[in-house]
Amino acid sequence: MARVFLVVMDSVGCGGAPDAADFFNDALPDTGANTVAHIAQACANGLAEYGRSGPLSLPNLDSLGLGAAVRLASGAETPGLEAEPTGFWGAASEQSAGKDTPSGHWELAGLPVPWDWGYFPKSEPCFPEALVAKVCALAGTEAILGNCHASGTVIINELGAEHVKSGAPICYTSADSVFQIAAHEEHFGLERLITLCRELAPTLHEMKIGRVIARPFVGDAATGFERTTNRRDFAIAPPEPILTNWVQDAGGAVLGVGKIGDIMTMAGIDSCTKGSDAKLMDDLQGLSETAPAGSLTFANFVEFDSRYGHRRDISGYARALEWFDREIGDFMNKMRDGDLLILTADHGNDPSWPGTDHTRERVPVLCAGVGAGEAGLIDFVDVAATAATHLGITPPRGRSFL
């Protein structure tokens, strides 16, 4: 009996979004952003040599059609990614008016976002006084720190010492529809931070802010501060049934890997594992053996985005892609007859692009277990429709591209 493994390579975009001019990093439109192509070009030109060397080497992803998907989506050159595809491949466009995590994941799960997200202005302070007062009341503090748009890794090093001294939580946002709270796991307390975010989330959700994220960190002023893997996202629940519900309602098990449970508020998800990408890959490899017939495994590997895309680290992003390629090759060797592996992404985050925010791009859609073929240019919702159809479920939206 069939199984589906839907794996999101967070931010691994392939350029060419038809509406990229409507999305910005600072004042620059995302027109021309291309995560995979620009990494491949940098590697070929000797500009991504830290911790790795030479052209980008992704034999497994490229054999499935990665280079072909980039060229179809954008027409960009893909040095090192020039294989004739032996998998089933295409490139998908998003319809939702956002280049954020919930928008991408909801739509990949069959539901375009039915409203406009709320955002905070790029000013200082950027949060309404009533919201700041609510945070302080829930946290039991007299003030907050931050109150601005910021990179999460930068702001904890700028304000970490002051936070430890004063106890005030660090609150910040980005170009996404998000409210983030960073706090020290020991000095502020991990459970206290998670409780604060959970209790604050309904207020933000009423404002159509997509997520409240707890961003715990450790360290000190002398050695520096570093975020931990104990992040928690409190997202708005999808307002209609999505792929996970479709599968669960049909009697299939739905297994989450990574932040899928947080993004979907566990809608239709039976269980979910969390941790670093290395740990999550171990979990995914294990599910190749243990996932039951008729099941959907929905996975997200976030570190392409969180560790390398936002930090504009081309070498690091290339290393992560090459690691993932080796690991997914091992996974493909374990696949059974009837299994479908779909590899895709939720948005772009071009590490060569100005700014620090996501980039509006098409995403590759690469399939193993169903032979060779070309899906062409498709929609995000077609990914959900294809997964559902493979499991014998009639999808309410989208069309199967297989």
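# Reading helices, sheets and buried residues

Me: Which residues of helix 4 meet helix 13, and which residues of helix 13 do they meet?

Reply: Gly104, Glu107 and Leu108 are the residues of helix 4 in this contact, and their counterparts in helix 13 are Phe380, Val381, Val383 and Ala384. Please keep in mind throughout that the model is predicted.

Me: How is the arrangement of helix 4 and helix 13 to be described?

Reply: The general idea is that a pair of packed helices is described by the angle and the distance between the two axes. Here, helix 4 (residues 101-108) and helix 13 (residues 380-390) have axes that cross at roughly 40° and come within 6 Å. Helix 4 and helix 13 are therefore oblique to each other.

Me: At what angle do helix 10 and helix 12 pack?

Reply: Helix 10 (residues 277-290) packs with helix 12 at an angle of about 10°, and their axes are 9 Å apart. Angles under 35 degrees count as roughly parallel, so helix 10 is described as roughly parallel to helix 12. On the side of helix 10, the contact is made by Asp277, Ala278, Met281, Leu284, Gln285, Ser288 and Glu289. Helix 12 contributes Trp323, Phe324, Glu327, Ile328, Asp330, Phe331 and Lys334. By class, this contact of helix 10 with helix 12 comprises 7 nonpolar, 2 polar and 5 charged residues.

Me: How should I read the order of strands in the open sheet?

Reply: As a general rule, the strands of a sheet pair through backbone hydrogen bonds, in either a parallel or an antiparallel sense. In this structure, an open sheet of 8 strands runs in the order 12-11-13-1-14-15-4-16, and its pairing is mixed. Strand 12 (271-273) and strand 16 (373-379) are the edge strands, each pairing on one side only. Direction ignored, neighbouring strands of this sheet are turned by 15° against each other on average.

Me: Which helix packs on this sheet, and which strands does it touch?

Reply: Helix 12 (residues 314-334) packs on the sheet and touches strand 1 (3-9), strand 13 (296-301), strand 14 (339-344) and strand 15 (363-368). The direction of helix 12 makes about 165° with that of strand 14.

Me: In which sense do strand 4 and strand 16 pair?

Reply: Strand 4 (residues 88-93) pairs with strand 16 in the parallel sense, over 6 bridges. Within this pair, Phe88 stands opposite Gly373 of strand 16.

Me: How does strand 14 pair with strand 1 and with strand 15?

Reply: With strand 1, strand 14 pairs in the parallel sense over 6 bridges; Leu341 of strand 14 is the bridge partner of Phe5. With strand 15, strand 14 pairs in the antiparallel sense over 3 bridges. There, Leu343 has Leu366 in strand 15 as its bridge partner.

Me: Which way do the side chains of strand 14 point?

Reply: In a regular strand, side chains alternate between the two faces of the sheet. In strand 14, Asp339, Leu341 and Leu343 point one way, while Leu340, Ile342 and Thr344 point the other way. Since 6 of the 6 residues of strand 14 are buried, the strand is largely enclosed by the rest of the structure.

Me: Is Asn25 buried or exposed?

Reply: The test is relative accessible area: a residue counts as buried when the value is under 20%. The value for Asn25 is 1%, so Asn25 is buried. Asn25 belongs to strand 2 (residues 24-25). Its side chain makes a polar contact of 3.1 Å with the side chain of Asp30, and another of 3.3 Å with that of Arg312. Beyond four places in sequence, the residues in contact with Asn25 include Lys99, Trp353, Pro354 and His358.

Me: Which residues of helix 3 are buried?

Reply: The buried residues of helix 3 (residues 66-74) are Leu66, Gly67, Ala68, Ala69, Val70 and Ala73. They pack against helix 1 (35-44), helix 2 (59-64), strand 4, strand 15 and strand 16. Just after helix 3, Gly75 adopts a positive phi of about 75°.

Definitions and conventions. Residues are numbered from 1 along each chain as its sequence is written. This is a predicted model: local features need pLDDT of at least 70, side-chain atom pairs count only at pLDDT 80 or more; totals for chains, interfaces and linings use all residues. Side-chain values use heavy atoms; hydrogens and water are left out. Helices (H or I, at least four residues) and strands (E, at least two) are DSSP runs, numbered from the N terminus. Buried means under 20% relative accessible area, exposed over 50%, partly exposed in between (1.4 Å probe, protein chains only). A polar contact is a pair of N or O atoms within 3.5 Å; within protein, one must be able to donate a hydrogen and the other to accept it, and residues adjacent in sequence count only if both atoms are side-chain atoms. Contact means heavy atoms within 4.5 Å. Two strands pair if DSSP finds at least two bridges between them. Axes are lines fitted to C-alpha atoms, for helices over the stretch in contact, and angles run from 0 to 180 degrees between N-to-C directions. Angles under 35 degrees count as roughly parallel, over 145 as roughly antiparallel, 65 to 115 as roughly perpendicular and the rest as oblique. Ala, Val, Leu, Ile, Met, Phe, Trp, Tyr, Cys and Pro count as nonpolar, Asp, Glu, Lys and Arg as charged, and the others, Gly among them, as polar.
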